[in-house]
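Have a go before you read on.

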Amino acid sequence: MFRAVKPETKPETRVVVTATRRLSPGMIRVHFRADDLSAFDGSVCTDRFLRLEIPVGDGSTVCRTYTALDPSVDEGTLAVDFVHHGDEGVAGRWAATAAPGDVLTVRGPGGTYAPDPAADWHLLVGDESGLPAIRAALAALPADAVGYAVIEVPSAEHLQQVAAPAGVEVRWVDASVDPPLESVVRELPWLLGRVHAFVHGEAEVTMQRIRPYLLRERGMPRGDLSISGYWRRGNSEDSFRVWKRGQAADRQVAYAGRALR
């Protein structure tokens, strides 16, 4: 079975903003250039991420993690899509005012997932935070790929143009009027054969609602499912990391307990 190899985390590098573009009311794409992007050489992961040091105005920075899009080692260019909802968060507010010449320090890339070409079909699920990695996965799929991409956005005005193979149905979930994301996933016709899935977004939706459905009810092998929370409602990224570490520790205790029975 195909497995994406997690790249070794590379030393920090400096990237310079070359342009910005608003993709939707809630997402801004920032284009960067760097003198050396050799860390991306050979990277096949479509969820490849960078840790960005975002300035917060008092001379300090905070670390935030984002998907790196279309990295070109030869050209020294890449892009990052930032979710931006007004004054919420740190990175989105920075992206909203970013201008050519602004500099960030970044570390990476990391990553663990790429669509398995041996899978019979693919399931890609997420909200706006997972959309950049879903976009990259769709671009990496072969032309004859089959499956679904299910993407939740706050409202219809947040819909974006996303290219996909003809056999992959892209379903947009309008959170203001449609059923919850997990309900839409449950209602998808389950296709024949082995599925390879990528499910990333709000933590409680992905880990507490969709994960049990795929692993327990559908019987997916754990190795065929890339799933995690990119954020958690009501939490900052820092407090979310603390919560996430606690969840991981609880799962390890539960697994150890079952092994001893």
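**Exercise 1.** Find which residues E152 is in contact with, leaving aside its neighbours within four places in sequence, and decide whether E152 is buried or exposed.

*Solution.* Start with the contacts in this predicted model: E152 touches G126, D127, E128, V173, A175 and L181. Now for the burial call. The relative accessible area of E152 is 18%, and the cut-off for buried is under 20%. So E152 counts as buried.

**Exercise 2.** Work out the strand order of the open sheet that five strands form, then say which strands stand at its edges.

*Solution.* Walking across the sheet, you get β10-β9-β8-β11-β12, with parallel pairing. The ends of that order are your edges: β10 (168-174) and β12 (225-231) have a single partner strand each, so one side of each has no neighbour in the sheet. From one strand to the next, the twist averages 10°. Zoom in on β9 (residues 147-153) and β10, and you can trace seven bridges in the parallel sense. One place to look is A149, whose bridge partner in β10 is V170.

**Exercise 3.** Which strands do helix α2 and helix α4 lie across?

*Solution.* Take α2 (residues 131-140) to begin with: this helix lies across β8 (121-126), β9, β10, β11 (195-202) and β12. Its angle to β8 is about 160°. Then move to α4 (residues 203-217), which lies across β8, β11 and β12 and runs at about 165° to β12.

**Exercise 4.** Describe the aromatic pair of Y113 and F198, then do likewise for W121 and W190.

*Solution.* You need two values here, because a ring pair is described by the distance of the centres and the angle of the planes. A search of the whole structure turns up seven aromatic pairs. For Y113 and F198, the values are 4.7 Å centre to centre and 35° between the planes, which makes the pair tilted. Y113 sits in the loop between β7 (103-110) and β8, while F198 is in strand β11, so the pair ties together parts 85 residues apart in sequence. Both Y113 and F198 are buried.

On to W121 and W190: 4.9 Å centre to centre and 85° between the planes, an edge-to-face pair. W121 is in strand β8 and W190 in the loop between α3 (181-187) and β11, 69 residues apart. W121 is buried at 1% relative accessibility, whereas W190 is partly exposed at 26%.

Methods. Residues are numbered from 1 along each chain as its sequence is written. This is a predicted model: local features need pLDDT of at least 70, side-chain atom pairs count only at pLDDT 80 or more; totals for chains, interfaces and linings use all residues. Side-chain values use heavy atoms; hydrogens and water are left out. Two strands pair if DSSP finds at least two bridges between them. Helices (H or I, at least four residues) and strands (E, at least two) are DSSP runs, numbered from the N terminus. Axes are lines fitted to C-alpha atoms, for helices over the stretch in contact, and angles run from 0 to 180 degrees between N-to-C directions. Contact means heavy atoms within 4.5 Å. Buried means under 20% relative accessible area, exposed over 50%, partly exposed in between (1.4 Å probe, protein chains only). Rings of Phe, Tyr and Trp (its six-membered ring) pair if their centres lie within 6.5 Å; planes under 30 degrees apart count as stacked, over 60 as edge-to-face and the rest as tilted.
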